[in-house]
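Subject: Structure for you to look at

Dear colleague,

I am passing on the structure we spoke about. Please open it first; my notes follow below.

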Amino acid sequence: MTLIILALLPLHKATAQEDYRFSIGAGFGMTGYLGDANSANLYQNPGWTGELLFRYIWNPRINLKTNFFIGSLSGDTSQMDNVMPDGQNFKFNTTFYELGEMFEFHFFNYGMGETYRRLKRWTPYITAGLSLTAWSVDKKGGAAFTIPLGIGFKFKPSLRWNLGLEFLMKKTFTDKLDGASLSDPIGIKSDFMKNTDWYSTLTLTVTYEFSKRCAVCHYKD
């Protein structure tokens with residue numbers, strides 16, 4: 001019996017010690033835009049987005065994430081019910097670049113391999129942070145701070161791999177994301193806190209965990 005216990009002990013340790021500090025990955029998805037060129041339907045002119053991300057796994061409930069997005073946004077006032085002054089129509093297309101820091105809070109203890117911590121292989125989560133977004137419309141560039149807020153879902157198909165789906169709605173502190181022509185098209189001044197430019201990202205991500213947090217765990221499950 002002692003030999004059997006000794007033989008199984010390394011397997012138990014391997015399960016208990018599989019706790020990693022970081023994850024890295026990428027994602028792809030679609031974007032939406034709300035602003036002076038689209039005031040109602042977020043996905044009337046959907047765009048594309050790609051994401052690179054790096055997470056610090058603070059604990060099974062809290063992650064800190066650095067992400068970089070690149071994507072496209074577009075809008076056309078001719079598709080709106082509102083009529084622009086003098087019957088003018090405006091449209092824009094842009095590629096944006098976004099670098100941000102996000103805080104993630106899991107609804108459940110997320111992970112595998114440590115039953116005493118009541119880990120689950122899946123969890124919904126909420127997230128918020130601060131980003132810097134840069135873009136160019138009509139050969140004129142701009143940059144502004146952005147506040148992303150959103151929800152997501154993670155699933156762990158295996159010990160070190162994660163699949164995720166995340167929706168972020170992003171408030172920009174500018175009214176020029178859709179170009180200078182649409183910064184104040186109907187003559188109502190917009191200030192720092194009352195701009196009308198928002199955009200969203202909906203991404204599917206794949207991440208891989210690395211850097212073991214604990215090489216040896218002596219907890220007896």
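Serine 211 sits in strand β8, which covers residues 198-212. In this predicted model, the phi of serine 211 is near 70°, a positive value although the residue is not glycine. Most residues other than glycine have a negative phi. How exposed is serine 211? Its relative accessible area is 21%, and because the partly exposed class begins where the buried one, under 20%, ends, serine 211 counts as partly exposed.

Aspartate 138 is another non-glycine residue with a positive phi, of about 55°. Where does aspartate 138 lie? It is in the loop that links β5 (122-137) and β6 (140-155). The relative accessibility of aspartate 138 is 63%; since exposed means over 50%, this residue counts as exposed.

As for the overall arrangement, the strands form a closed barrel of eight, in the order β1-β2-β3-β4-β5-β6-β7-β8, and they pair in antiparallel fashion. On average, neighbouring strands of this sheet are turned by 25° against each other, if direction is ignored.

Strand β3 (residues 62-76) and strand β4 (residues 91-106) run antiparallel and are joined by 15 bridges. Which residue of β4 stands opposite glycine 71? That position is taken by phenylalanine 96. In general, strands of a sheet pair through backbone hydrogen bonds.

Regards

How values were computed:
Residues are numbered from 1 along each chain as its sequence is written. This is a predicted model: local features need pLDDT of at least 70, side-chain atom pairs count only at pLDDT 80 or more; totals for chains, interfaces and linings use all residues. Side-chain values use heavy atoms; hydrogens and water are left out. Two strands pair if DSSP finds at least two bridges between them. Helices (H or I, at least four residues) and strands (E, at least two) are DSSP runs, numbered from the N terminus. Axes are lines fitted to C-alpha atoms, for helices over the stretch in contact, and angles run from 0 to 180 degrees between N-to-C directions. Buried means under 20% relative accessible area, exposed over 50%, partly exposed in between (1.4 Å probe, protein chains only).
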